[in-house]
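I opened this model to look up a few helices and their packing. My entries are below.

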There are 2 protein chains.
Amino acid sequence: MPFRSLAIVGLGGIGASIGLSLKRRGLNLQVGGYDLLPQVSELAQAQGVVDFVYPSLAACADAELIVLATPPHALPQCLQEFALHLKPETVLTDVASVKSPVLAWAQAILPHPQRFVGGHPIAGTERSGLPAARADLFEGASWVLTPTAHTDPTAQQQVEWLVRSLGATPILMEAEQHDKEFALLSFLPHCLAFSLKSLQRQHPTLLQGGSSWRDATRVAESDPALWAELLLLNRQFTAEHLTALMAHLNRLLQLLEAGDAESLQAFLKPRERQ
Amino acid sequence: MPFRSLAIVGLGGIGASIGLSLKRRGLNLQVGGYDLLPQVSELAQAQGVVDFVYPSLAACADAELIVLATPPHALPQCLQEFALHLKPETVLTDVASVKSPVLAWAQAILPHPQRFVGGHPIAGTERSGLPAARADLFEGASWVLTPTAHTDPTAQQQVEWLVRSLGATPILMEAEQHDKEFALLSFLPHCLAFSLKSLQRQHPTLLQGGSSWRDATRVAESDPALWAELLLLNRQFTAEHLTALMAHLNRLLQLLEAGDAESLQAFLKPRERQ
């Protein structure tokens, strides 16, 4: 085991799932937690999510590995706090769904940014907070890591070890590439889910909708404050993909109006070339 | 039991699920089937989906209740065939995802359109054909029926009985209301699923996407020929909802560019008034 103590900062759905999963595996690892809300920290300890609660954010700097699992807007402040207290060998990672801004903050704020390895577990649901925690949340999931040319290889290995310990597979890619792909793969579906629900509020239906509706709108139950924040942090790529989608829908509308079934079918799903 | 013999015309996912479900319940009911493809009819009989296979489409007119479960484009021809052979007391229903056009065809073609009761089970998946059949497909589902002021009450009762026998709940509404609601609840999610997949073909990703992507694109596996047909049959309402969605996405894009988190959050999900 490359480290003996780990601090989870932010005990929401992702942070608490990391704790639960590590505890479930019975590793010889001291897992401490800290949440801005003391009652959340206490409940997490009572539920066995963490072994103990750190008395302050600064105290988390004692751990060998720190996992930042706060909402993105809290990250700069956390990094500033740690910048004053970190030991040079401490490794940091995060779990935010945007990677370029977090990397930029780490590089600007931390005295040893080469020991920060950005991360994003491709897991989680529309539910949030401690009650959403699941010990098997990362089982079989991909977990993007965004080391740079300057990243300390030992720090990277420790974070990869953590990811594998949680049952996930580390996928290394550049922060910008991650943000571009996720604008399409996650931000666009979230925008559409929120938008479909808004349309339904404007045009209330007697019927409930079947599985296509439920699946397309499930993530509209996500926290809108978190998503407003994420969308703004990844606004360039999100705007690019939204613009491309709107052009596509506009063409679909034209084909509907033209009324040619064959062109419409080819547009919906081009035949794959063998 | 209000009838003793039932013919299922079209043994795809929905037609075959009706057969399987009725057989599973062991009702004293002769269930015959017919499919344009003889090998599908034979396989359906071999798999116990139907008791027997009708030798021709016209022969299905012998049944007391006929369920039309073909793709929509085949319905006018089926109705024309039956118009020549139906007994006056025979009841007909269908399962198409558009209701106004089917009702118009029935009224134009059938000698006794008052014994046609349009229907649409809110069930089914992106899979199609006989292999997609499931005996429990309709369990707990809603099943829209669109009787008119002229519908024979006995015919309506028989179709309602069938729906309840399959474990579903009949929901009575006007055909046009159905089509308007379904343009939003099902046609829009299908358009978006096909469109997201098209965007991904244009911008291939290294990553696979998590559950929000999988859920938003699942129905893009649906048959594009069927969906081109359905979208054109319901083009007016689909175009209206698509246009409203595009206006909404355009506003979202403006808010992204303006960069105000609070307005964006309120737009994503307006606070519900208590």
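**Ground rules.** This is a predicted model, where local features need pLDDT of at least 70, side-chain atom pairs count only at pLDDT 80 or more, and totals for chains, interfaces and linings use all residues. Residues are numbered from 1 along each chain as its sequence is written, chains are lettered from A and ligands numbered from 1 in written order, and side-chain values use heavy atoms, leaving out hydrogens and water.

**Helix α1, chain A.** I began with α1(A), residues 13–24. Helices here are DSSP runs of H or I with at least four residues, strands are runs of E with at least two, and both are numbered from the N terminus. α1(A) has 12 residues and reaches 16 Å from first C-alpha to last, close to the 16 Å expected at 1.5 Å a residue. The expected span is 1.5 Å times one less than the number of residues. I found 9 of the 12 residues buried, so α1(A) is largely enclosed by the rest of the structure. Buried means under 20% relative accessible area, with a 1.4 Å probe and protein chains only. Among the buried residues are A:Gly13, A:Ala16 and A:Leu20. The buried residues pack against β1 (5–9), β2 (30–34), β4 (65–68), β8 (142–145) and α5 (153–165) of chain A. Just after α1(A), A:Gly26 has a positive phi of about 65°.

**Helix α6, chain A.** Next I took α6(A), residues 175–202. α6(A) has 28 residues and spans 38 Å, close to the 40 Å expected. I noted a bend of about 45° at A:Ala183. The bend is the angle between axes fitted to the seven residues ending there and the seven starting there. In α6(A), 22 of the 28 residues are buried, so this helix is largely enclosed by the rest of the structure.

**A:Ser198.** Is A:Ser198 buried or exposed? A:Ser198 is buried, with a relative accessible area of 5%. This residue sits in α6 of chain A. Not counting residues up to four places away in sequence, A:Ser198 touches B:His248, B:Phe267 and B:Leu268. Contact means heavy atoms within 4.5 Å.

**Between the chains.** I then checked α8(A), residues 224–233, against α10(B), residues 261–268. Their axes come within 8 Å and cross at roughly 125°. The contact includes A:Trp227 and A:Leu231 of α8(A), and B:Leu264 and B:Leu268 of α10(B). I also looked at α10(A) and α8(B), which pack at about 125° with axes 8 Å apart. Axes are lines fitted to C-alpha atoms over the stretch in contact, and angles run from 0 to 180 degrees between N-to-C directions.

Technical notes: Buried < 20%, exposed > 50% of the residue type's maximum accessible area, 1.4 Å probe, protein only.
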